[in-house]
Amino acid sequence: MSSTTIAAEPFDLDLDVSTTALIIIDMQRDFLQPHGFGELLGNDVSLLRSAIEPTRTVLDAARAATMLVVHTREGHRPDLTDCPPAKLTRGGKTFIGTEGPMGRILVRGEEGHDIIPELYPIEGEPVIDKPGKGAFFETDLHIILQNRGIKTLIVCGVTTEVCVQSTVREGNDRGYECVVLEDCVGSYFPEFQAVGLEMIKAQGGIFGWVSTSQHAIGAIAS
Ligand code: C5J
């Protein structure tokens, strides 16, 4: 047992490092790297890249504390048989399965689908390949967390209002206490970033808590 408290909103949260996992959502090259798919669509990737360094410091602290670290990647089989037609037909002509600057967009095994080098998983860190936005949908994330007795999720990644929030909602419904680190998540839309975080901690923490990398590192290291 290694009980500690993380300073957070709407209130500080007690947690045990041994039953806490760090979940890093979709820090994939195509979303974050200059000249990747995200930038090709006209997005400012610096809005996402600002989350890399704070996330790396939390990742370092989690690894030093031998916490469970889980990475996720959004993507599909090369034949796209696991991609719902309703998802496939959205996003215009340059979306899932089409050729992008770093291979086929959101297709497993392609360069752009993989995780950025700064946060690359090391041996022993599960990588969850997810076909949807939420990391629990059609994946083995829940059983992996249950097998380790995990109760609390510290959540980083992109994008705040899409895959991060979907995962937090799913995790909350499954009984996990979810703490989102505001400087470790990013959105192409600053207004969605702000409101996405507000929504999580509203009404006494309706989906979870919001904290920072510094508070998380303090709690993990204590
Ligand atoms: C994620 C997306 N990872 N925005 N995907 O948020 O389509």
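How many bridges join β3 to strand β8 (residues 152-158)? In this predicted model, six bridges connect β3 with β8, and the two strands run parallel.

Strand β3 comprises residues 20-25, and six of its six residues are buried. Thr20, Leu22 and Ile24 point to one side of β3, while Ala21, Ile23 and Ile25 point to the other, and all are buried. Within the pairing to β8, isoleucine 25 has glycine 157 as its bridge partner. β3 also pairs with strand β4 (residues 68-74), in the parallel sense and over five bridges. In that pairing, isoleucine 24 stands opposite histidine 71 of β4.

Strand β4 also contains glutamate 74. The relative accessibility of glutamate 74 is 2%, below the 20% limit, and the residue therefore counts as buried. With neighbours within four places in sequence left aside, glutamate 74 is in contact with Asp26, Gln28, Phe31, Lys87, Leu106, His113, Lys130, Gly132, Lys133 and Cys163.

The largest nonpolar core has 43 residues, and Leu22, Met27, Leu32 and Leu181 have the most contacts inside it. At least two residues of this core come from each of β2 (13-16), β3, α1 (29-32), α4 (52-64), β8, β9 and α9 (213-221). The element that gives the most is α4, with five residues. Leucine 32 touches Asp26, Met27, Val45, Leu48, Arg49, Ile52, Ile116 and Val158, when residues up to four places away in sequence are not counted. A second core, separate and of 24 residues, includes Ala135, Leu141, Ile150 and Ile200.

In helix α4, the residues Ile52, Pro54, Thr55, Val58, Leu59, Ala61 and Ala62 are buried. An α-helix has 3.6 residues a turn, so residues three or four places apart point the same way. The 13 residues of α4 should span 18 Å at 1.5 Å a residue, and the end C-alpha atoms are 18 Å apart, which agrees. Just after α4, threonine 66 adopts a positive phi of about 50°.

**Aromatic pairs**

The count of aromatic pairs comes to four. In one of them, the rings of phenylalanine 136 and tyrosine 176 have planes at 25°, under the 30 degrees limit, so the pair is stacked; the ring centres are 5.8 Å apart. This pair links distant parts of the chain, its members being 40 residues apart. Phenylalanine 136 lies in the loop between β7 (127-130) and α6 (141-147), and tyrosine 176 in the loop between α7 (160-173) and β9 (177-186). Another aromatic pair, formed by phenylalanine 189 and phenylalanine 192, is tilted, with 50° between the planes and 5.0 Å from centre to centre.

The table gives the relative accessibility of the residues in these pairs.

| Residue | Relative accessibility | Class |
|---|---|---|
| Phenylalanine 136 | 6% | buried |
| Tyrosine 176 | 3% | buried |
| Phenylalanine 189 | 36% | partly exposed |
| Phenylalanine 192 | 38% | partly exposed |

Key: Residues numbered from 1 in each chain as written. Predicted model: local features only at pLDDT ≥ 70, side-chain atom pairs only at ≥ 80, totals over all residues. Heavy atoms only, no water. Phe/Tyr/Trp six-rings, centres within 6.5 Å; stacked < 30°, edge-to-face > 60°. Helix = DSSP H or I, 4+ residues; strand = E, 2+ residues; numbered from the N terminus. Buried < 20%, exposed > 50% of the residue type's maximum accessible area, 1.4 Å probe, protein only. Pairing = 2+ DSSP bridges. Contact = heavy atoms within 4.5 Å. Core = buried A, V, L, I, M, F, W, Y, C linked by side-chain atoms within 4.5 Å. Expected span 1.5 Å × (residues − 1).
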